[in-house]
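Here are some friendly notes to read alongside the structure. Take them one point at a time, and look back at the picture as you go.

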Amino acid sequence: MIWMPCSKARRQALRHEVAATAATLREQLILVRTITESGESHGPRSDAARMRAKPTRDHFRYAAIRLPHIERQLACHWEHAAAMTFWYNSGDRGFAPEERRAGALLATLPYGLDTHAAQESIDAISNRAEAPLRHQATPHTTTTAVHGALAVVDQKGLRDRIADDHTRLKYQDVEVRDTATMLRAHHHYFPWIAHTLTYLSEPRSHAELEHIARQWRSERANYLDTAPPITIAAPQAIAGSSTPRHQRRGIREPSR
C-alpha cells in the first residue's frame, strides 16, 4: 500500500483513531494472553478472544499505515511489541516494557508526540526484534524451556504456530525489508510456510505431523529465535477395537 499525504484535519482524525484503536486492541490482546496462560491456548474461549482482536488489529494497521512517517513507525512497532507480549503462544515477554512505553506515546498522538522519545522507542523495539536474528540461541540455553514448558499440540496447534511465524516475519518485513535475512525468508521460508499451511489444511497422521514439526524447527531457526518447545499429541486409541479405521463401518480408505 502506498502512503498518500492527507489534509491536516484528516491526519488529526487519524491520530485520534489510532490512539483509540490501540487502547481497545491492548485490552483485547491482554485477554488473549490471560486465556492462553490459563492453559486454554486452543479452545472456544481462546478462539473467541482472538476473533474479537483480529478485526481490531486489521483496523489499527489500516489506520496506522496512513500516518506520517515517524508516527507510522511508532504505531507499527508498538503493534509488534504488543503482539509479541500478548498474542503469540511463544511470544517474547521481554517486549512488555517497550510495549508499555510505545503505547503510552501512542496515547499522546492526538495532543502532540515527543518525537525524540518516539524514535528511542522505535529503536529499542527494532533492536529487540532483530536480536534473535543476530544471536541464535544454542541448544544448551533452551534445555530448561524444552523440559519445563513443553506444549502438547494437535494439528491445528501446529498450524497456528507456523501461521504465527508468517505474521511475525511479514510485520518485520515492513521495517527491515532489505536485510539478507528477510530476502532469504521471501525466497525460502515464506514459500515453505504457504505450502505447509496448505498441506495442513487436510487431516494428517501423527507421523506426518511429527515430520512437519521437525521441518518447522529446522526452517525457522534461520529466521527467528529457537522454536517453542512442543510435542505432537499422540493419536487417541479407540477403546475396545484394534480394527483399522477404514475397515470399520464400511468406511473406505482414500485412494492415494
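1. Start with helix H3, residues 69-87: its 19 residues reach 25 Å from the first C-alpha to the last, close to the 27 Å expected at 1.5 Å a residue. The expected span is 1.5 Å times one less than the number of residues. Helices here are DSSP runs (H or I, at least four residues), strands are E runs of at least two, and both are numbered from the N terminus.

2. Before going on, note that this is a predicted model, where local features need pLDDT of at least 70, side-chain atom pairs count only at pLDDT 80 or more, and totals for chains, interfaces and linings use all residues. Residues are numbered from 1 along each chain as its sequence is written, and side-chain values use heavy atoms, with hydrogens and water left out.

3. Now find H1 (residues 8-37) and H4 (residues 96-107). Their axes, lines fitted to C-alpha atoms over the stretch in contact, come within 8 Å and cross at roughly 145° (angles run from 0 to 180 degrees between N-to-C directions). In H1, Val18, Ala19, Ala22 and Arg26 meet Glu99, Arg100, Leu106 and Ala107 of H4, where contact means heavy atoms within 4.5 Å.

4. Finally, the overall plan: the protein has nine helices and two strands, in the order α-α-α-α-α-α-β-α-α-α-β along the sequence.
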